[in-house]
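This briefing is intended for a reader who is meeting the structure for the first time. Please keep the sequence and the model in view while reading.

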Amino acid sequence: MPFDAKKFIENSILKIKELIGPEKAICALSGGVDSTVAATLVGKAIGKNLTCVFVDTGLMRENEGKQVGEALKRLGIEVKIIDAHKRFFQKLKGIVEPEEKRKIIGNEFIKVFEDFEKGENAKFLIQGTIGPDWIESGGEGRDTIKSHHNVGGLPKEMKLKLCEPLRDLYKHEVRMIAKELGLGEDLSERQPFPGPALAVRVIGEVTQEKVDILRKTTKIVEEEIENASKKGEIEKPWQYFAAILPVKTVGVRGDERAYQHTVVVRAVRSLDGMTANFSPIPHKILERISSRITNEVCEVGRVFYDITNKPPATVEME
Amino acid sequence: MSVYIIDLGSQYTHVIWRTIRDLGFDAQIKQKNTNIKDFANVEAIILSGGPGSASITDMGVAKEILEQIKTGESNYPILGVCLGHQYIAHFFGGAIDKGKSAEYGISKIIIDNENDLFKEIPKEFDAWVSHFDEIKKLPAGFISLAHSKDCKIEAMKSNDKRIYGVQFHPEVWHTENGEKILENFLKFV
């Protein structure tokens, strides 16, 4: 008996109606498939009592805020964009430890929502939390692998009550629901993107300089992998991205010594994110990626490809 | 058929639940502190994997269930996965210790003894594993069913009770035939 998306949608809408009743809710959108599906389900259940918010943390990919707003508008979901990048960079200053980073981001998200909520009078916060988020965040005897910002990163005392309609699902099931809801392949097949965004792909302290380098690098990795899979050169990986390491390495550019940043490219195959293997990307495609990065992002001097599976690694590096 | 999964703290407990639900069984996850009386009408039990050590970690209701089976008070079919597999061996008098090498990620499983658990499964298949501890010595009354390059006992069963264990994770997507192995356990026991 495979997962029945249609039945899930029907049951979920009934449950949300019962939980939220006549109250107002705000939904934290990231632009990914999980939060968009959660928002759509809640929108169907409570209609105008739902307000959707996209927090621009300054840690997003290129044009992400704009794309998200436009994509959701097409679905009839109005999104309010809050520019909060200053608060996030300020809080992350000097922070190196990955768990501390994730917790700071989770806390700050809630503070932004609570500040916003004062004018809205909402009682519920809708999140697109799925299985791996709370499983990896630990509890009930499980070790904490990483605190997902929407679970382990939440403050202990919260004014808003949580509503998480996708809690028991995994990404592939959420994609099935997205298709059933008619959200379009752009959205339903969108690659996963972590809640703390590029902050967990800047290994070590998050600075504006490193986020800018990583943003440019990420765009190249995404373009090259998407092109290669469109041309049928590779199977489209489950997730593909870049991270920037806290080390510089030596190189030579135009007969001059260079001492520059190091980035890692990662691409993995998975179904549900619970296990993953590194994608066997052909060397000529890796070479294309590496040449473009070192030519177009002049601050980067060296590119690595991550060949570790999950376990023992995880998909993201922090 | 009602199946209880005792959660020993695995990242994959919920994946076991999901896989069994998708196979059409009525599955529930139970924490270690569940009262054994709740198990009265259960038809099969799965012990999940988990962090920690089979010989040190407190196993709560999993221990009580195995004690009932030992005394003959009950006769649940049981499948242990990873830590659950090791705990069954430890409980019945086997030995657990660190392996020569750890096994994380992919591993080739070689079936040595065909039986109900591996019915219609190829002799060799790729499975996903995540462990350093392994069973060094089987308890009396158990036989090994499969091995890998670095781990001698990748699967075992009891000669006279409906007890099975697998060191690898049949529930995860990367394990070939994993769903079939879980289905075999639930159908044939």
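The model is a predicted one. The domain assignment divides chain A into domain 1 (5-192) and domain 2 (201-305), and 21 residues of chain B are in contact with 19 residues of chain A.

**The two domains of chain A**

- Between the C-alpha centres of domain 1 and domain 2 of chain A there is a distance of 27 Å.
- Contact between these domains of chain A involves 14 residues of domain 1 and 14 residues of domain 2.
- On the side of domain 1 of chain A that touches domain 2 of chain A, helix H4 (85-92) and helix H7 (171-180) of chain A each supply at least two residues.
- That side of domain 1 of chain A comprises eight nonpolar, three polar and three charged residues.

**The five-stranded sheet of chain A**

- Five strands of chain A form an open sheet with parallel pairing, in the order E3-E2-E1-E4-E5.
- At the edges are strand E3 (79-83) and strand E5 (161-163) of chain A, each of which pairs on one side only.
- On average, neighbouring strands of this sheet are turned by 30° against each other, with direction ignored.
- Strand E2 (residues 50-56) of chain A pairs with E3(A) in the parallel sense, over five bridges.
- Within E3(A), Ile81(A) is the bridge partner of Phe54(A).

**Helix H7 of chain A and its surroundings**

- The buried residues in H7(A) include Lys171(A), Glu173(A), Val174(A), Arg175(A), Ile177(A) and Ala178(A).
- Helix H1 (5-20), helix H2 (33-46) and helix H8 (185-188) of chain A are the elements against which the buried residues of H7(A) pack.
- Two packed helices are described by the angle between their axes and the distance between the axes.
- For H1(A) and H7(A), the axes come within 9 Å and cross at roughly 80°.
- Angles of 65 to 115 degrees count as roughly perpendicular, and H1(A) and H7(A) are therefore roughly perpendicular to each other.
- Ala5(A), Lys6(A), Phe8(A) and Ile9(A) of H1(A) meet Met176(A), Ile177(A) and Glu180(A) of H7(A).
- By class, the residues of this contact between H1(A) and H7(A) are five nonpolar, no polar and two charged.

**The side of chain B that touches chain A**

- Helix H1 (13-22), strand E5 (95-111) and strand E6 (124-137) of chain B each supply at least two residues of the side of chain B that touches chain A.
- Nine nonpolar, nine polar and three charged residues make up that side of chain B.

**The nine-stranded sheet of chain B**

- Chain B has an open sheet of nine strands with mixed pairing, ordered E2-E1-E3-E4-E9-E8-E7-E5-E6.
- Strand E2 (26-31) and E6 of chain B are the edge strands, and each pairs on one side only.
- From one strand to the next, the twist averages 20°.
- Strand E7 (residues 142-147) and strand E8 (residues 155-158) of chain B pair in the antiparallel sense over four bridges.
- In E8(B), Ser158(B) stands opposite Phe142(B).
- E7(B) also pairs with E5(B), in the antiparallel sense and over two bridges.
- His147(B) in E7(B) is the bridge partner of Ile110(B).
- Helix H3 (residues 83-91) of chain B lies across strand E3 (44-47), strand E4 (78-81), E5, E6, E8 and strand E9 (163-166) of chain B.
- The direction of H3(B) is at about 115° to E4(B).

**Leu66 of chain B**

- Leu66(B) has its place in helix H2 (residues 61-71) of chain B.
- A residue is buried if 20 or more other C-beta atoms lie within 10 Å of its own, and Leu66(B) counts as buried because it has 23 C-beta neighbours inside 10 Å.
- Leaving aside residues up to four places away in sequence, Leu66(B) touches Ile88(B) and Phe91(B).
- Leu66(B) and Tyr76(B) are ten residues apart in sequence, and their C-alpha atoms are 9.1 Å apart in space.

Technical notes: Residues numbered from 1 in each chain as written. Chains lettered and ligands numbered in written order. Predicted model: local features only at pLDDT ≥ 70, side-chain atom pairs only at ≥ 80, totals over all residues. Domains from an automatic or database assignment. Contact = placed C-beta atoms within 7 Å. Nonpolar A, V, L, I, M, F, W, Y, C, P; charged D, E, K, R; others polar. Pairing = 2+ DSSP bridges. Axes fitted to C-alpha atoms, helices over the stretch in contact; angles between N-to-C directions. Buried ≥ 20, exposed ≤ 12 C-beta atoms within 10 Å, placed from the backbone. Parallel < 35°, antiparallel > 145°, perpendicular 65-115°, else oblique.
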